[in-house]
Amino acid sequence: MWERTLQDLIRGLRANKTDERKFIQQAIEEIRKEVRGKDMELKAGAILKMTFLDMLGHDLTWANFNIIEVMSSQKYHLKTIGYLAASQSFSEHTDVLMLTTNLLKKDLSSNPADVALALNGLSHFVTSDLARDLTQELNAMLNHSRSYIRKRVVLALFKVIQQHPDALPYCLPRLKEKLEDPDLSVVSSTVNLFCELSRRNPQDFLILAPPLFHILTTSSNNWMLIKVIKLFGAISPFEPRLVKKLQGPITDLIQTTSAISLLYECVHTCIVGGMLEGSSGLPLARLCVTKLSGFLENDDQNLKFIAMMAMVKIVPIRPELVAEHQAVILNSLDDFDISIRMRALELICSMVTPHNAQFLVQQLLSHLVKASEKSESLPSASETLSRSLQGSSGATTVYTTAYRTEVATRVIDMCSKNMYENVQDFDWYLSVLLDLIYVANADIASIVREQLIDIVVRVKACRPYAVRLMTKLLDDDALVLGADDPTKCTGVLWAAAWICGEYCDELADPRYTLLRLVLPSIALLPADIISVYLQAAVKVLSRWLIGLSEQWSDDQLPQVKSIVGTALEGLQRFASHADVEVQERAANATEMLTLIRADLEKYRPRPPTDSFDVVNEFAAMSATSNSEPRFPKSFILLRRFFVSYTLRPVASDAQNQIGVPEGLNLDVWIVPPPKGVGNDERAESGKKKKKKSSKLKEKDNGDLNGHAKGKRKEQPLKTSWVEYDEDEVEAAAKREERLARQRDDPYYLTDGRPKPSQSSSAHDIETIPVVRLDDMPSLSSVTAPRETPSRLSDIVPPSPKRFELDVEGEAPVNQPASSSVSGIQTPQSGTDALGNDGLLTPEAIVVKRTKKKTSGKKKTVVTSL
């Protein structure tokens with residue numbers, strides 16, 4: 001009978017491309033018939049064909065038992081087919097693998113060819129059970145007379161130990177002996193085995209240090225030396241004596257070897273093994289950095305990449321050595337390879353210190369300027385073609401938006417690290433933040449906004465300069481008109497308006513800023529920015545009017561009326577805005593300004609007096625309610641609203657320092673639930689449960705029922721509601737009344753279907769109406785020149801000053817919980833409760849500071865309110 005061979009199957013597949021599935025199904029049916037026969041040659045050929053079909057995605061699990069039959073053949077060429085099929089199709093979940101244990105033991109004790117075949121197959125389909133059963137045989141075979149068998153056993157033991165970790169202590173003594181094997185391939189395989197196993201528990205291989213050190217000092221095989229050095233890098237942190245022992249041999253290898261891979265592995269081992277620390281490690285560290293700097297100037301991009309990766313790890317240990325090659329690292333920012341630029345950027349961020357922060361930040365800003373120019377001017381088709389013909393040397397550097405965002409983010413991270421430890425001049429840092437807005441050409445508005453507000457709140461000395469910068473931002477119409485372009489960073493206007501409003505005392509011209517805050521063009525901004533604009537406008541107007549009241553002159557009245565009218569007109573435009581938050585703020589501000597305008601219309605100048613003191617004027621007003629001030633009375637309202645307290649940062653643990661007041665139990669009802677809102681049904685259901693339980697106990701315990709009832713009287717049922725003593729009739733009447741009330745309520749959906757019976761529905765909790773509240777909506781391109789930003793050229797920072805950073809923030813006094821309630825007092829009316837500005841102010845809150853253990857670079861400011 002003629003049968004298909006593997007070659008015939010492949011030819012048939014090529015000839016039946018139009019109906020390949022049908023041909024494969026016929027071939028599988030033929031294979032099923034062939035494996036049932038007793039001819040081992042025919043069966044092996046069928047398994048070979050099925051193995052090929054398994055590579056095409058067809059299932060071979062149905063032939064697992066037939067595969068084992070072929071594996072047990074006495075002929076080597078048939079046994080090879082069986083092991084090939086088993087290596088490809090067997091897995092940990094194959095149920096017939098238990099039948100291979102004795103077969104493998106037999107093959108492992110057979111001729112060298114069968115032994116090599118069995119070891120190769122075992123490494124592919126070994127399981128935990130097979131590893132446990134064959135550990136003893138494999139350990140004995142480590143002393144095999146043939147070197148290539150010993151090498152295969154060592155490599156197979158890696159998979160065996162992974163499946164059965166207990167095999168490592170059993171085989172470790174003989175594996176250690178293989179490090180001194182006369183055959184170099186066996187030694188290399190053993191070193192590779194230990195190098196891979198050391199990834200999990202390196203300390204288990206400390207006993208291998210002597211033979212490994214002998215290999216390190218005597219071997220000339222670079223690949224084996226790489227593995228040995230990598231193994232030493234894993235175990236040296238657990239044995240400090242190895243560090244001094246290895247410094248000499250590794251230094252010799254770094255100086256003499258010409259293999260780049262071995263050189264890099266030596267440098268990496270020195271870093272992870274702690275060999276560069278201390279005075280003894282300084283010469284080795286300098287040698288490593290010198291070798292890596294040579295890689296940075298190499299044309300090979302791979303060498304540049306690994307050199308920067310290594311330098312990033314050396315910077316925390318020896319920053320002064322890496323700083324010597326700062327120029328080469330900065331030049332790498334202009335590399336056309338994005339991976340090189342990212343590693344250079346990471347290395348620069350690791351090098352930053354308070355002394356070089358300004359220089360490195362300026363270099364990154366200049367890099368962003370060039371990146372913005374190149375991204376805006378794309379090369380022509382002829383330039384692109386000529387550069388591609390020149391090869392990699394003429395490759396075009398492409399600065400994507402993601403890359404520019406990463407550079408800008410890194411600049412901010414460098415300066416804000418560890419509460420601004422690298423910033424010595426906060427006025428300079430504020431200028432950097434504004435420069436980033438114009439040169440980054442990326443969406444970094446949210447990060448810059450948070451930084452601006454945090455700095456201005458924490459550092460009091462920089463507020464005048466910050467307000468001047470924010471005024472410049474409010475003057476930039478390009479930010480307003482580019483609200484739809486994320487790269488214009490329009491979101492930073494949120495911080496600009498907030499700072500100008502909160503610290504409006506520092507404004508040079510409050511009237512001009514007020515007019516900028518109520519322009520019609522701000523309607524183009526997002527709703528959250530508009531709401532801050534409106535609030536800031538009210539604050540600026542209030543502060544300006546309060547300032548006028550301190551030196552009031554009746555000649556200023558027309559000007560005040562004009563400014564108030566202009567502001568009121570600008571605020572009224574947003575009273576019908578689509579956003580609820582904007583509507584509310586505009587409506588509140590409009591009503592306040594309407595009141596002020598009406599007060600200005602009614603105001604009549606008083607005859608002049610010899611002297612005028614605004615504080616005494618406020619005190620006189622408080623003492624006698626009929627007295628009239630020299631200025632409009634509505635200014636007093638503004639003073640109470642916006643200038644009473646100074647905003648300070650809040651400590652991160654401020655809430656935890658507030659204790660629970662005495663007498664307050666958060667686990668009980670503050671207000672008990674009303675009696676007729678479902679508690680009647682709960683009480684009734686509780687009574688029914690009592691009756692049901694009493695009946696069950698009477699049935700089960702007989703005469704013990706009375707004792708159970710007495711026990712329940714002593715220990716009443718614990719429930720989370722209030723029980724009421726009312727009978728079934730009263731409860732049913734109240735329920736009918738409630739249902740009738742709900743049928744007339746449009747906010748309740750009632751079921752009009754008839755109920756089965758009154759008694760069955762009396763306790764149906766599913767009929768209790770539930771009002772489901774859906775989620776409500778929340779209430780809430782300018783390019784700089786190369787050298788100096790154009791927007792800030794006319795702003796000169798003030799003379800050098802001393803910056804004090806409020807690191808800890810404001811927190812309550814750590815007192816007993818009762819003091820938080822009893823310590824609150826209401827100011828008394830009259831002149832005694834007036835402050836310096838003539839206002840009624842509460843008693844001063846004393847803020848207690850607890851100094852934390854810091855590195856000494858931060859200065860804690862201790863203040864009190």
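**Exercise 1. At roughly what angle do the axes of helix H8 (residues 128-141) and helix H9 (residues 147-163) cross?**

Before starting, note that this is a predicted model, in which local features need pLDDT of at least 70, side-chain atom pairs count only at pLDDT 80 or more, and totals for chains, interfaces and linings use all residues. Residues are numbered from 1 along each chain as its sequence is written, and side-chain values use heavy atoms, with hydrogens and water left out.

*Solution.*
- Step 1: The axes of H8 and H9 cross at roughly 150° and come within 10 Å. Axes here are lines fitted to C-alpha atoms over the stretch in contact, with angles from 0 to 180 degrees between N-to-C directions.
- Step 2: H8 and H9 are therefore roughly antiparallel (an angle over 145 degrees).
- Step 3: On the H8 side, the contact (heavy atoms within 4.5 Å) is made by Ser-128, Ala-131, Thr-135, Leu-138 and Met-141. H9 brings Ile-149, Arg-150, Val-153, Leu-157, Val-160 and Gln-163.
- Step 4: Sorting the residues of this contact gives seven nonpolar, three polar and one charged. Here Ala, Val, Leu, Ile, Met, Phe, Trp, Tyr, Cys and Pro count as nonpolar, Asp, Glu, Lys and Arg as charged, and the others, Gly among them, as polar.

**Exercise 2. Describe how helix H23 (residues 401-420) packs with helix H24 (residues 426-439).**

*Solution.*
- Step 1: The axes of H23 and H24 lie 10 Å apart, at an angle of about 155°.
- Step 2: That makes H23 roughly antiparallel to H24.
- Step 3: From H23, the contact includes Ala-408, Val-411 and Cys-415. Among the H24 partners are Phe-426, Trp-428 and Leu-436.
- Step 4: The residues of the H23 contact with H24 divide into eleven nonpolar, one polar and no charged.

**Exercise 3. Is Pro-632 buried or exposed?**

*Solution.*
- Step 1: Find Pro-632 in the loop between helix H33 (614-623) and helix H34 (634-642).
- Step 2: Pro-632 has a relative accessible area of 1%, so Pro-632 is buried (under 20% relative accessible area, with a 1.4 Å probe and protein chains only).
- Step 3: Leaving aside residues up to four places away in sequence, Pro-632 touches Trp-552, Asp-599, Leu-600 and Tyr-603.
- Step 4: Tyr-603 is 29 residues from Pro-632 in sequence, yet their C-alpha atoms are 6.1 Å apart.

**Exercise 4. How many helices and strands does the chain have?**

*Solution.*
- Step 1: The chain has 39 helices and zero strands. Both are DSSP runs numbered from the N terminus: helices are H or I with at least four residues, strands E with at least two.
- Step 2: Of its 865 residues, 42% count as buried.

Note on methods:
Parallel < 35°, antiparallel > 145°, perpendicular 65-115°, else oblique. Buried < 20%, exposed > 50% of the residue type's maximum accessible area, 1.4 Å probe, protein only.
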